[in-house]
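Please look over the sequence and the structure first.

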Amino acid sequence: MTASPLVPVPIPDRVAALIGSCMPIGILQAEVDAECAAREVYRFRAPLCADDQADREHALAALARANKVLGAYNPGLILRPRAQWR
């Protein structure tokens, strides 16, 4: 039986470190930035005041910047904000 792609499977820290050592540092930083920005997007819930809307737009811009770097390296690394981070 294979694991569903929708179920996250944890990997050991040593394996993650080995994978990370094969990637450029800028890509690793973009991956962290994209993860944080995607979580930040779903921190805001409707209805949004003007300040919250501006903060959400800033998080979306940060996600877009990180995704631009990730997409240039490997399009499979692009993150999209999802409801699972609520």
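A residue counts as buried when its relative accessible area is under 20%, as exposed when that area is over 50%, and as partly exposed in between. The model is predicted. Its secondary structure consists of three helices and zero strands, in the order α-α-α from the N terminus.

**Confidence**
- The average pLDDT of the protein is 85, and 87% of the residues score at least 70.
- Among the helices, helix 3 has the highest confidence, with a mean of 93.
- Confidence is lowest in helix 1 (residues 13-21), where the mean is 89.
- Where pLDDT is low, predicted coordinates should not be read in detail.

**Surface and contacts**
- The protein has an accessible surface of about 6,600 Å², and carbon and sulfur atoms account for 60% of that area.
- Taking contacts between residues at least 6 apart in sequence, 65% join residues at least 24 apart.

**Second largest pocket**
- The volume of the second largest pocket is about 330 Å³.
- Helix 1 and helix 2 (25-41) are the elements that give two or more residues to the lining of this pocket.
- Helix 1 contributes the most to the lining, with four residues.
- The lining of the second largest pocket is made up of Ile 11, Pro 12, Asp 13, Ala 16, Ile 19, Gly 20, Met 23, Leu 28, Glu 31, Val 32 and Leu 77.
- By residue class, the lining of the second largest pocket holds eight nonpolar, one polar and two charged residues.

**Leu 28, in helix 2**
- Leu 28 is located in helix 2 and is among the residues that line the second largest pocket.
- Its relative accessibility is 24%, so Leu 28 counts as partly exposed.
- Beyond neighbours within four places in sequence, Leu 28 is in contact with Gly 20 and Met 23; Gly 20 and Met 23 are also among the lining residues of the second largest pocket.
- Leu 28 and Leu 70 are 42 residues apart in sequence, with a C-alpha to C-alpha distance of 8.9 Å.

**Residues of helix 3**
- Helix 3 spans residues 50-73 and includes Glu 57. Asn 67 and Ala 72 also lie in helix 3.
- Why does Glu 57 count as partly exposed? The relative accessibility of Glu 57 is 40%, which falls between the cut-offs of 20% and 50%.
- Across 16 residues of sequence, the C-alpha atoms of Glu 57 and Val 41 are 8.1 Å apart.
- Is Asn 67 buried or exposed? Asn 67 counts as buried because its relative accessibility is 13%, and the cut-off for buried is under 20%.
- Leaving out residues up to four places away in sequence, Asn 67 touches Ala 34, Ile 78 and Leu 79.
- Ala 72 has a relative accessible area of 71% and is therefore exposed, the cut-off being over 50%.
- Ala 72 and Ile 27 are 45 residues apart along the chain, and their C-alpha atoms are separated by 9.6 Å.

Key. Residues numbered from 1 in each chain as written. Predicted model: local features only at pLDDT ≥ 70, side-chain atom pairs only at ≥ 80, totals over all residues. Heavy atoms only, no water. Contact = heavy atoms within 4.5 Å. Areas by Shrake-Rupley, 256 points an atom, 1.4 Å probe, with all protein chains shown as cover. Buried < 20%, exposed > 50% of the residue type's maximum accessible area, 1.4 Å probe, protein only. pLDDT = per-residue confidence, 0-100. 1 Å grid on protein atoms, 1.4 Å probe; cavity = no way out; pocket = protein on both sides within 12 Å on 5 of 7 lines; lining within 4 Å. Points joined across faces, edges and corners; volume = space filled by probe spheres on them. Nonpolar A, V, L, I, M, F, W, Y, C, P; charged D, E, K, R; others polar.
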